[in-house]
Amino acid sequence: MITHTQNSGAHILTLDDGKVNALNKEKLDALVAKLAECAGDLAPVAIRAKKGIFSAGFDLKGFAAGPEIATAQLQAGKDAILAILRHPAPVVTLCEGHAYPMGAFLMLSADRAIGTEGEFITGMNESAIGMALPIYPMILGAARLNATGRKAVATSQMFAPHEAREAGYFDQVASPDEVEAVLEKVLGEMKGLNPGAFNANKSAMNASLIADIEASPLPDFG
């Protein structure tokens, strides 16, 4: 499901389950494990997915499988967000399609998030599908989204790519024919950073956010 390659001194993690990348505990745990594997050389990491859809969000079958599995799936999502926020090297996300909630959370966690022009939407649609978000994406959204993006969490407004950039999900949006060049440029910028200084500054900037997310409770499915 996750392909790990290296390109010009950067790690490239590609998510592709052959379907819509619905994220369950197994897949999220695998992402955390891959990030841990990448940490040793302090090289930048890019997380990307198949064209058309980055992720359909959490696997809804996990939430229907009972309290234990549902809780474990939400904990795995929390762990993935924390792994990105703590990662000692830059983490870049590249979205070439739709990014529904858990996919959108990964965009918000990254050091640089790149979207792609197209008929795609990104955001949190839980109100529309009859679900309440756990606390940790609320904390993440409050820290990374602007006022429009924060209000949209309750109204389930989803955003086209340039709107998603304005709301705070993406830092930049590339045209489809420029995606590879933009990713290469961004990774080049990240490789030019001093690793020790980057890690110190990222750790300090994310410290309170990490603490708040760690302390946030998961829903009681009982």
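What follows is a walk through the sheet, then the helices, and finally the cysteines.

The model is predicted, so local features are given only where pLDDT is at least 70 and side-chain atom pairs only at pLDDT 80 or more, while totals for chains, interfaces and linings use all residues. Residues are numbered from 1 along each chain as its sequence is written, and side-chain values use heavy atoms, with hydrogens and water left out.

**The sheet**

Begin by selecting the strands β1, β2, β4, β7, β9 and β10, which in that order make an open sheet of 6 strands with mixed pairing. Helices (H or I, at least four residues) and strands (E, at least two) are DSSP runs, numbered from the N terminus, and two strands pair if DSSP finds at least two bridges between them. The edges of the sheet are β1 (2-7) and β10 (172-174), each of which pairs on one side only. From one strand to the next, the twist averages 25°; the axes behind such angles are lines fitted to C-alpha atoms, for helices over the stretch in contact, and the angles run from 0 to 180 degrees between N-to-C directions.

Next, select β1 together with β2, which run antiparallel and are joined by 6 bridges. In this pair, H4 stands opposite L13 of β2. The two strands form a hairpin with 2 residues between them, and S8 in the turn has a positive phi of about 50°.

Keep β2 (residues 10-15) selected and colour it by accessibility, where buried means under 20% relative accessible area, exposed over 50%, and partly exposed in between (1.4 Å probe, protein chains only). Of its 6 residues, 5 are buried, so β2 is largely enclosed by the rest of the structure. Strand β4 (residues 45-49) runs parallel to β2 and is joined to it by 5 bridges, with L15 having A49 in β4 as its bridge partner.

Further along, select β7 (residues 91-94) and β9 (residues 112-116), which pair in the parallel sense over 3 bridges. Here L94 has I114 of β9 as its bridge partner.

**Helix α1**

The expected span of a helix is taken as 1.5 Å times one less than its number of residues. Which residues of α1 are buried? They are K27, L28, L31, L35 and C38, and they cover an arc of only 100° around the axis, which puts them on the same side of α1. The arc is that of the directions from the helix axis to the C-beta atoms. An α-helix has 3.6 residues a turn, so residues three or four places apart point the same way. On the other side of α1, E26, A36 and E37 are exposed.

Move on to α3 (residues 67-86), whose 20 residues reach 28 Å from the first C-alpha to the last, close to the 28 Å expected at 1.5 Å a residue. Its buried residues include A70, Q73, L74 and K78.

In α7 (residues 147-155), select G149, A152 and V153, the buried residues. Seen down the axis of α7, they fall within an arc of 115°, so they line one face of the helix, whereas the face turned away from that buried side carries the exposed residues K151, A154 and T155.

Helix α8 (residues 161-167) contains E163, which is partly exposed at 40% relative accessibility. A polar atom of the E163 side chain lies 3.0 Å from the backbone nitrogen of A160. H162 also lies in α8 and is partly exposed at 37% relative accessibility.

**The cysteines**

Finally, select C38 and C95. A disulfide is a pair of cysteine sulfur atoms within 2.5 Å, and the count comes to 0 disulfides. The sulfur of C95 is 20 Å from the closest cysteine sulfur, in C38, which is too far for a bond. C38 is buried, with a relative accessible area of 0%, and C95 counts as buried at 1% relative accessibility.

Conventions:
Polar contact = N/O pair within 3.5 Å; in protein donor to acceptor, adjacent residues only side chain to side chain.
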